[in-house]
Amino acid sequence: MDTKELLKKVRKIEIKTRRLSDHVFGGEYHSTFKGRGMTFSEVRQYQFGDDVRNIDWNVTARYSEPFVKVFQEERELTMMLLVDVSASEMFGTQSQFKKDVITEIAATLAFSATKNNDKIGLMLFTDKIELYIPPKKGRSHVLRIIRELLEFKPTGKKTDITGALKYLSNVMKKKAIVFILSDFIAEDYQHTLKIAAGRHDVTGIRIYDRHEEQIPNLGLVQMLDEESGESITVNTGSKSVRNSYAEHYRNRVAYFQESFKLSGAGTIDNRLDESYVKKLLGYFKRRA
């Protein structure tokens with residue numbers, strides 16, 4: 001992708017996702033993810049309806065009329081986007097690949113955080129950590145994140161959720177809002193997830209295609225596993241083969257749901273032909 005084409009794509013995603021974050025998600029994000037507490041801002045004269053517990057008695061005594069303390073939410077939150085860039089994200093039978101939807105969701109979340117003056121960091125991972133961008137504020141920083149999501153070429157092909165979470169624990173010592181965007185074609189991450197969710201506010205966003213749920217009857221089909229590189233001939237005409245695949249898929253989804261529930265983390269399931277806008281809004285409103 002040449003520079004001109006890349007900038008055009010970045011701009012296109014910025015226009016779409018920034019509009020969403022400005023008009024749809026900004027307030028929802030703020031309501032969902034609270035700051036670390038309230039900090040004293042100023043004093044002002046008492047007004048009818050003010051909480052009497054906030055009266056500043058020293059100032060009130062000095063001026064012989066009631067004054068109250070005004071507090072502001074102390075935000076300074078940090079959002080970390082953990083994005084799976086393994087080979088399976090380059091799959092999609094709709095108009096977009098899983099990677100395309102993940103990029104849009106990540107950009108929307110990043111602009112929502114920026115609107116609330118929070119920091120945003122990015123980790124791209126496969127079966128290893130491909131890229132880590134430390135959290136910073138500002139539009140230019142978000143645009144860099146979008147560029148990396150669009151053009152980064154990973155060297156790994158498989159997915160290691162555990163490795164990504166361990167790396168997160170090493171680099172993020174303070175509590176962060178963590179979104180893991182992946183199809184979660186991975187195993188044995190439950191224990192590490194529970195540890196990470198005990199320290200951070202974690203949400204798993206599972207992106208999938210409807211044709212991954214079951215194999216249609218197409219007879220003998222040559223299939224390539226993008227993550228392992230293995231090519232095999234599959235008899236999709238066999239009912240037992242289709243049932244076995246469907247059961248394996250259901251077990252993987254159940255493991256994802258169970259792991260996040262047991263750890264106290266949140267989940268969003270988004271199929272490629274569904275609106276991620278509705279899914280995110282519904283999740284934020286439930287959380288708020």
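Trainee: How many aromatic pairs does the structure hold?
Mentor: This predicted model holds 8 aromatic pairs. Rings of Phe, Tyr and Trp (its six-membered ring) pair if their centres lie within 6.5 Å.

Trainee: How are the rings of Phe184 and Phe256 placed?
Mentor: Their centres are 4.5 Å apart and their planes at 45°, so the pair is tilted. Planes under 30 degrees apart count as stacked, over 60 as edge-to-face and the rest as tilted.

Trainee: Where do Phe184 and Phe256 lie?
Mentor: Phe184 lies in the loop between strand S6 (177–182) and helix H6 (190–199), and Phe256 in helix H7 (residues 239–263), so the pair ties together parts 72 residues apart in sequence. Helices (H or I, at least four residues) and strands (E, at least two) are DSSP runs, numbered from the N terminus.

Trainee: Is Phe184 buried or exposed?
Mentor: Phe184 is buried, at 1% relative accessibility. Buried means under 20% relative accessible area, exposed over 50%, partly exposed in between (1.4 Å probe, protein chains only).

Trainee: And what about Phe184 with Phe260?
Mentor: That pair is edge-to-face, because the planes are at 90°, with the centres 5.6 Å apart. Phe260 is buried too.

Trainee: Which residues form the aromatic cluster?
Mentor: Phe184, Tyr189, Tyr255, Phe256 and Phe260 form one cluster.

Conventions:
Residues are numbered from 1 along each chain as its sequence is written. This is a predicted model: local features need pLDDT of at least 70, side-chain atom pairs count only at pLDDT 80 or more; totals for chains, interfaces and linings use all residues. Side-chain values use heavy atoms; hydrogens and water are left out.
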